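Here are a few exercises to work through with the model open beside you. Try each task before you read its solution.

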Amino acid sequence: MNKNEMLVAAIQNGTVIDHIPTEKTYQVVSLLKLEELTTQVTIGYNYHSKKLTRKGIIKVEDKFFTDEEISRLSVVAPNIVLNIIRDYEVVEKKTVTTPDELTGIVKCNNPKCITNNEPMRTLFHVTDKEHGTLKCHYCGYETEKVSACPVCGSRYIGGFRAGTQKIEELVKKRFPDARVLRMDYDTT
């Protein structure tokens, strides 16, 4: 596709995140906290892709991500490509690599883990990068990345970050003096 056929305007400087599996696009937005940026962010969803059939693409004006920020993406989209843009030209391409440790990204599935009961960041050791096996630093709970529902086979599985914890955060922000109690599978 040449520049005359672009579906979304080019950016002068910044980062284009490409080859995002469509169903993971908004998780990438959330992991990178793009909603907090003041620069222009363009999110494309369901674009045609030879590699993925359908893909997401995100263009972030005047933002260059750190290696730590990029490594967060390995949890949800390990094969994405980041294009670094300067003066409307791609000057560098980066691929996502899974780090040896993940801090504050993944939630422990063990309801008795201290990270689910105390205000602290999670820490996981990546024990098998190929299969996405993670081991909680605090309780030792080991989990393999699930990419499809074992019952129905749907790929739309995992933390979309729109559940009770997100609602609790929004309520606390909106009503700072209110006493908020969240009751869900993780807290009861």
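A strand here is a DSSP run of E with at least two residues, and strands are numbered from the N terminus. Keep in mind that this is a predicted model.

**Exercise 1.** Find the strand that holds Tyr-45, and work out whether this residue is buried, exposed or partly exposed.

*Solution.* Start with the strand: Tyr-45 sits in S2. Next, recall the cut-offs: buried is under 20% relative accessible area, exposed is over 50%, and partly exposed lies in between. Tyr-45 comes out at 37% relative accessibility, so it counts as partly exposed.

**Exercise 2.** Work out the strand order of the open five-stranded sheet, then name its edge strands.

*Solution.* Reading across, the order is S2-S3-S1-S4-S5, and the pairing is antiparallel. From one strand to the next, the twist averages 20°. Now zoom in on one pair: S1 (residues 14-21) and S3 (residues 53-61) run antiparallel over six bridges. Within S3, Gly-56 is the bridge partner of Ile-20.

**Exercise 3.** Which element gives the largest share of the largest nonpolar core?

*Solution.* That core has 26 residues, and those with the most contacts inside it are Ile-17, Val-28, Ile-58, Phe-65 and Ile-80. At least two residues each come from S1, helix H1 (25-31), S3, strand S7 (123-128) and strand S8 (133-136). H1 gives the largest share, three residues.

Methods
Residues are numbered from 1 along each chain as its sequence is written. This is a predicted model: local features need pLDDT of at least 70, side-chain atom pairs count only at pLDDT 80 or more; totals for chains, interfaces and linings use all residues. Side-chain values use heavy atoms; hydrogens and water are left out. Two strands pair if DSSP finds at least two bridges between them. Helices (H or I, at least four residues) and strands (E, at least two) are DSSP runs, numbered from the N terminus. Axes are lines fitted to C-alpha atoms, for helices over the stretch in contact, and angles run from 0 to 180 degrees between N-to-C directions. Buried means under 20% relative accessible area, exposed over 50%, partly exposed in between (1.4 Å probe, protein chains only). A nonpolar core is a set of buried Ala, Val, Leu, Ile, Met, Phe, Trp, Tyr and Cys residues joined through side-chain atoms within 4.5 Å.
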